[in-house]
Amino acid sequence: MKAVHPAIAKRGRLELSFARAPDGKTFIDKQFCSYPFHLCRPFYLDEGTAAGIASIYTQSCAGGIFARDNLLTEINVASKAQAHLTSQASTIVHDGSQGKAEQICKISADAGSLVEYVPDPIILFSGARLKSSVYLSVDETAGVILFDSFLAHDHRGCGQFFDLFKNNIQIVKKDGSPLVTDRFELTGAAFAANKIGQMGGFTCHGSVLALVPGVDLNPLIRSVRTIFKSFDGGVIGISRLPLVNGFSARILARDAVPMKRAMLTLWALSREALIGQTPEIRRK
């Protein structure tokens, strides 16, 4: 597929604000989206203590991310509101020979809120150049579950991978004090080399970050390590975050199926720890 001409590159913006109704249900109180973003109504897919969580599928009218695209998502979750945001499917990043693409997601989580930002993996096509950033401003009482994952695909079958992938996650307190910084930069050549300390022969990379205020981390981390003691699809490492009550899990997998299964398991365990109930399966 040919890269899009710079003259028609997209500058898209999605803005969403969530608030809690008196009956406990979370609703969208403000929204704006421009091409290529598209939104449907929120779904309420859970029961019990999770019945008020608003589930949103963010969609795209485009065929992926193209050269020189600049996409911004801003999400605000008010006090005690609960929002689950995921994508319609994996996002393809096309050839970037005419310029790198950039996507930025800014999330604000107020006191007592729950934010689950769990998009499907990014798929980097041959020649892709992407800078991806997630910035989270969080109250110390807010619960957060965050997914970040990618894989590469040589769709032309010519032995060429993506050009460059820069990834950045930053979590700060409401006063701007840093809590978590997780960033890396990977070239397609390094990805293909399968070096130890980079991909090491695996083809998929996933991260799960969970902030779980008021939760005893020890049994949660023990449960994760017990469940994944024998993980056939790859390797998983989990550790406590040093400045906030939460954990970071890193997954290297041979293909997307075991990686996604592992990430969904981590999401379910974290949700149960936060509100005492596991989530219902989301269909896509």
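Aspartate 46 is buried in this predicted model. Its relative accessible area is 7%, so the residue falls under the 20% limit for burial. Aspartate 46 sits in a loop. That loop runs between strand S3 (37–39) and strand S4 (54–60).

Two polar contacts involve the side chain of aspartate 46. One is made with the side chain of arginine 282, at 2.7 Å. The other reaches the backbone nitrogen of glutamate 280, at 2.8 Å. With neighbours within four places in sequence left aside, aspartate 46 is in contact with Ala51, Ile53, Arg271, Pro279, Glu280 and Arg282.

Glutamine 160 is partly exposed, with a relative accessible area of 45%. Serine 126 is 34 residues away from glutamine 160 in sequence. In space, the C-alpha atoms of glutamine 160 and serine 126 are 5.6 Å apart. Glutamine 160 is in contact with Ser126 and Asp154, leaving aside neighbours within four places in sequence.

The cysteines were examined for disulfides. The count is 0. Cysteine 40 is in no disulfide. The nearest cysteine sulfur to that of cysteine 40 belongs to cysteine 61, at 9.7 Å. Cysteine 40 is partly exposed, with a relative accessible area of 36%. For cysteine 61, the closest cysteine sulfur is that of cysteine 33. The separation is 8.0 Å, which is too far for a bond, because a disulfide requires sulfur atoms within 2.5 Å.

Helix packing was described next. Two packed helices are characterised by the angle between their axes and by the distance between those axes. Helix H2 spans residues 217–227 and helix H3 spans residues 256–275. Their axes come within 11 Å and cross at roughly 155°. H2 is therefore roughly antiparallel to H3, because angles over 145 degrees count as such. The crossing of H2 and H3 is right-handed. On the H2 side, the residues that meet H3 are Leu220, Val224 and Ile227. On the H3 side, the residues are Thr265, Leu266, Leu269 and Ala273.

Methods
Residues numbered from 1 in each chain as written. Predicted model: local features only at pLDDT ≥ 70, side-chain atom pairs only at ≥ 80, totals over all residues. Heavy atoms only, no water. Helix = DSSP H or I, 4+ residues; strand = E, 2+ residues; numbered from the N terminus. Buried < 20%, exposed > 50% of the residue type's maximum accessible area, 1.4 Å probe, protein only. Polar contact = N/O pair within 3.5 Å; in protein donor to acceptor, adjacent residues only side chain to side chain. Contact = heavy atoms within 4.5 Å. Axes fitted to C-alpha atoms, helices over the stretch in contact; angles between N-to-C directions. Parallel < 35°, antiparallel > 145°, perpendicular 65-115°, else oblique. Left-handed = near helix turned anticlockwise from the far one by under 90°.
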